[in-house]
Amino acid sequence: MTRTLRQIAVPVGAMVVFLLLWELLVWANGWPNFVMASPSDLPPAYARYWELFLTGGWQTLWRTVVGLLIAVVFGTLLGMVMGFSRLAREALYPLLVGFNAIPKATVVPIFALLFVGQHDFNTVMLAFIISFFPIAVSVSIGLSTLEPEYRDILRALGASQATIFWKIALPKTLPEFFGALKVAVTLAFIGTNLMEIVSPHGRGLGALFDSGRTNADYPLMFAVLIALAVLGIALFYVVVALEKIFAGWAERAPN
Amino acid sequence: MSLPISLDHVTHAYRTQAGPLPVLDDLTLDMPEGSFTAVVGPSGCGKSTLTRLVAGLMKPDEGVVKLGGKPVTGPRSTVGMAFQNPVLLEWRTILQNVMLPLEIVSTGMNKSQREDRARELLALVGLEGFEDKRPSELSGGMRQRASLCRSIVHRPEVLILDEPFGALDAFTREDLWLTMHELRRAERFTCVLITHDLRESVFLSDHTVVFSARPARAQRIVEIDLGPNRGLEDLYAPRAVELLALLRREIQIAQGREVETPAPAPTPVPGVADRPVEDVAATARDPSTERPR
């Protein structure tokens with residue numbers, strides 16, 4: 001009871017402290033709204049546009065989640081190929097790193113031109129493209145660093161490669177996979193919003209942010225940022241919950 | 001059930017960038033059904049290669065490895081293996097870890113029979129009450145006990161042990177030696193034990209094979225005629241000390257060192273008698289004595 005209370009109270013307390021410091025900073029510097037909004041400006045913004053926040057938030061959320069799911073499937077498959085085949089690893093690593101080094105903002109116009117008007121598709125694609133890299137890398141490292149003895153205890157019994165993968169390699173890689181998924185969650189949000197903000201006639205919270213910018217409505221812009229942060233945190237904790245279920249064994253008991 | 005193991009003129013080399021590296025050279029060995037063979041030799045002389053060949057994880061370049069008279073062509077379910085690293089699966093309980101081979105090998109046992117079999121073995125090695133613990137909750141010696149259970153749970157005909165006690169402290173190691181004798185009384189298998197510990201080979205084996213430096217041949221096979229019921233105190237009896245001295249000399253020959261005159265028989269006073277034995281183990285393990293190649 002006290003432990004769960006603590007688990008909730010500590011992060012919430014930290015957030016309250018953060019908001020207070022932010023308020024204090026704006027107040028102490030005497031910054032007007034058009035330089036930087038303060039937390040106390042946000043409730044009016046939410047109250048005024050709550051309907052837009054709900055629809056925009058939903059659009060951003062589902063497209064991020066779909067992009068992330070594709071990234072999980074593709075990243076895991078790619079990681080498997082790279083983890084099991086040295087040749088694939090040598091061939092794909094430079095390509096992947098090069099691709100990952102490209103600023104994704106430059107990919108937005110390419111996608112927008114390739115698939116004109118397919119806004120949902122483009123957004124999902126960008127969320128996927130930006131977030132599969134850590135998953136692929138972690139799965140490939142997890143599989144390629146599997147100690148040979150782990151393989152041998154089953155191989156010596158005549159087990160097939162598939163059996164070894166399901167019984168040993170996959171579960172053993174899960175902690176690394178979830179570590180990467182936590183990074184991928186936040187990256188996917190960046191991808192979604194990049195497309196929503198940069199491409200014209202966008203949807204979702206990114207578009208709401210953009211309209212705040214064109215109207216110089218600074219409290220709205222900051223309100224969108226906070227809403228995004230909340231969505232990101234929510235999705236992150238979904239991943240944490242999944243990790244507890246599927247890879248909870250990797251966690252050591254606290255001393 | 002157990003099967004005899006035989007190696008017939010086995011030669012093997014690893015392909016490295018610097019060219020072929022011969023590890024086994026015309027090795028011929030016979031391990032009778034139900035026997036316990038220890039293999040000792042200088043570091044890197046090809047002992048582990050032998051285990052992989054017997055397990056069917058590798059094929060020899062030349063020669064034949066046979067189990068029960070039939071050539072080994074690949075992995076088979078009648079083999080059990082345990083390594084220096086217990087390689088327990090962290091996401092499974094101890095009981096589930098021990099049951100792992102039964103999920104691969106078809107034994108005709110149903111779920112509860114498999115569980116009974118695993119529990120029976122865990123009780124035999126003194127892990128009763130730890131069935132539902134995770135490996136990370138157990139000590140190194142307990143993990144190795146669980147690993148031994150896993151290696152024989154499917155009643156293998158051949159048991160391959162690749163330095164399973166090498167990473168344990170001296171007292172835990174002696175405890176596990178006793179456990180090994182108990183397992184041998186309860187189960188039937190032909191066992192190959194790779195070790196660096198001459199005392200271990202004398203305490204556990206029926207015969208000890210001394211490998212020469214790489215590429216390995218069977219330099220000498222020493223019958224360990226200490227009888228089936230051995231206690232730790234028997235290691236300090238004159239015959240055991242004699243065998244240890246003999247093995248030590250053979251290891252020194254294998255390392256290409258000058259052979260000393262045989263050490264005088266130690267006085268049978270406890271605490272004094274164990275000195276030369278310690279020296280033997282230390283010499284065998286000291287990496288600086290490896291022959292450069």
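Analyst: Strand E3 (residues 36-40) of chain B is mostly covered, with 5 of its 5 residues buried. Buried means that 20 or more other C-beta atoms, placed from the backbone, lie within 10 Å of the residue's own. Strands here are DSSP runs of E with at least two residues, helices are runs of H or I with at least four, and both are numbered from the N terminus. This is a predicted model: local features need pLDDT of at least 70, side-chain atom pairs count only at pLDDT 80 or more, and totals for chains, interfaces and linings use all residues. Residues are numbered from 1 along each chain as its sequence is written, with chains lettered from A and ligands numbered from 1 in the order written.

User: Which residue stands opposite B:Thr37 in E8(B)?

Analyst: E3(B) and strand E8 (residues 190-194) of chain B pair in the parallel sense over 4 bridges; pairing takes at least two DSSP bridges. In that pairing, the residue opposite B:Thr37 is B:Val192.

User: And what is the bridge partner of B:Ala38 in E9(B)?

Analyst: E3(B) also runs parallel to strand E9 (residues 207-211) of chain B, again over 4 bridges. There, B:Ala38 is partnered by B:Thr208.

User: Which strand gives the most to the side of chain B that touches chain A?

Analyst: In all, 17 residues of chain B contact 16 residues of chain A, contact being C-beta atoms, placed from the backbone, within 7 Å. Strand E6 (79-83) and helix H2 (94-104) of chain B each supply at least two residues of that side. The top contributor, with 3 residues, is E6(B).

Methods. Contact = placed C-beta atoms within 7 Å. Buried ≥ 20, exposed ≤ 12 C-beta atoms within 10 Å, placed from the backbone.
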